[in-house]
Amino acid sequence: MHGTIPLVRTARPSGRPFAGDTLVVASHNTGKVREIADLLAPFGLTRVVSAGELGLPEPEETGASFAANAELKALAAARASGHPALADDSGLEVVALEGAPGIYSARWAGPDRDFGRAMERVRSELGSGRDRRANFACALSLAWPDGHVDTFEGRVYGDIVWPPRGDRGFGYDPIFQPDGHAVTFAEMDPADKHAISHRAEAFRLLVAACFDPATG
Ligand SMILES: O=P(O)(O)OP(=O)(O)OP(=O)(O)OC[C@H]1O[C@@H](n2cnc3c(O)ncnc32)[C@H](O)[C@@H]1O
Ligand SMILES: [Mg+2]
């Protein structure tokens, strides 16, 4: 197994490990790609490349759930590249907004990905309402060029705060304060975010199911 990606296919009868050398991270969001690279780092993958680096197109996110969108992004990248591909679909769900922006979290930032504007929209739609509860959700899908795909989900719960605080992280991190913490995700050390985040939880489930314990 040395020098190969320690991935195994969960639903494949043989459970044979993947013997190629490349895993594609099927995302065009640099903040996400950085976090996924951090999470993958301990697993000694030979080559991890992002969909952006490979010049792969960004598929339209036509799914009605995080899982459906993660699957379509992972499958598109696996089929186009010929390598296994890991996609992430994620977002912020605000209780008083009935789960919005949810799967529309990126779209609330507009075509120029202006998260100042997206966070301002969360604030204005919440108004003076007292229920500030929210969670981030993440679906991670690992797809193979032949169309096999496995999906795992994670969530982290907390509150919306205003004004935004911190300049680390990405997206909605400056207005999300996880339960049990006095700082927002954008004020946290990345390692502390990885200890509790929606993405890290989905990743733990992925590792348990899809990584070969002999090499993980
Ligand atoms: O689809 P890809 O190419 O991966 O990139 P994207 O930015 O469009 O990603 P999504 O479609 O999954 O949209 C999710 C949005 O939710 C937000 N989001 C997800 N995870 C987040 C996190 O850990 N911290 C802050 N915001 C997050 C972020 O703004 C993302 O743009
Ligand atoms: Mg997207």
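Trainee: pLDDT is the predictor's confidence in each residue, from 0 to 100. Over which residues does it stay under 50?

Mentor: Over residues 10–16. For that stretch the model has 7 contacts beyond four places in sequence, where two residues are in contact if their C-beta atoms, placed from the backbone, lie within 7 Å. This is a predicted model, in which local features need pLDDT of at least 70, side-chain atom pairs count only at pLDDT 80 or more, and totals for chains, interfaces and linings use all residues. Residues are numbered from 1 along each chain as its sequence is written, while chains are lettered from A and ligands numbered from 1 in the order in which they are written.

Trainee: What's the mean pLDDT of the chain, then?

Mentor: The mean is 89, and 88% of the residues reach 70 or more. For the complex, the predictor gives an ipTM of 0.99 and a pTM of 0.92.

Trainee: How many helices and strands are there?

Mentor: The chain has 5 helices and 6 strands. Helices (H or I, at least four residues) and strands (E, at least two) are DSSP runs, numbered from the N terminus. Going from the N terminus, the order is β-α-β-α-β-α-β-β-β-α-α. Among contacts between residues at least 6 apart in sequence, 60% join residues at least 24 apart.

Trainee: Which way do β3 and β4 run, parallel or antiparallel?

Mentor: Antiparallel, with 10 bridges joining them. Two strands pair if DSSP finds at least two bridges between them. Glutamate 93 has asparagine 135 in β4 as its bridge partner, and valine 94 has alanine 134. Strand β1 (residues 23–25) is joined to β3 by 2 bridges and runs parallel to it; there, valine 25 stands opposite leucine 86.

Trainee: And what about β4 itself, how many of its residues are buried?

Mentor: β4 (residues 133–143) is mostly covered, with 9 of its 11 residues buried. It is also joined by 11 bridges to strand β5 (residues 149–160), and those two run antiparallel. Alanine 139 stands opposite glutamate 153 in β5. The hairpin of β4 and β5 has 5 residues between the strands, and glycine 147 takes a positive phi near 100° there.

Trainee: New topic! Which residues does UniProt list for "binding site"?

Mentor: The unreviewed entry lists Glu60 and Asp89. They span 30 residues in sequence, yet no two of their C-alpha atoms are more than 12.2 Å apart, so they gather at one spot. UniProt also lists Asp89 for "active site" in the unreviewed entry. Positions are in the numbering used here, feature names are shortened, and annotations may be inferred rather than shown by experiment.

Trainee: Is glutamate 60 buried or exposed?

Mentor: Glutamate 60 counts as exposed because it has 10 C-beta neighbours inside 10 Å. Its place is the loop between β2 (48–50) and α2 (66–81). Aspartate 89, in strand β3, counts as buried because it has 29 such neighbours inside 10 Å. Leaving aside neighbours within four places in sequence, aspartate 89 is in contact with Phe66, Asn69, Ala70, Lys73 and Ala139.

Trainee: Last one: how many residues surround ligand 1?

Mentor: 23 residues do, and the closest are Ser27, Asn29, Ser105, Ala106 and Gly171. A residue is near a molecule or strand if its C-beta atom, placed from the backbone, lies within 6 Å of it. The largest share of that shell, 4 residues, comes from strand β3 (residues 85–94).

Trainee: How do the shell residues divide?

Mentor: Into 6 nonpolar, 9 polar and 8 charged. Ala, Val, Leu, Ile, Met, Phe, Trp, Tyr, Cys and Pro count as nonpolar, Asp, Glu, Lys and Arg as charged, and the others, Gly among them, as polar.

Terms used
Buried ≥ 20, exposed ≤ 12 C-beta atoms within 10 Å, placed from the backbone.
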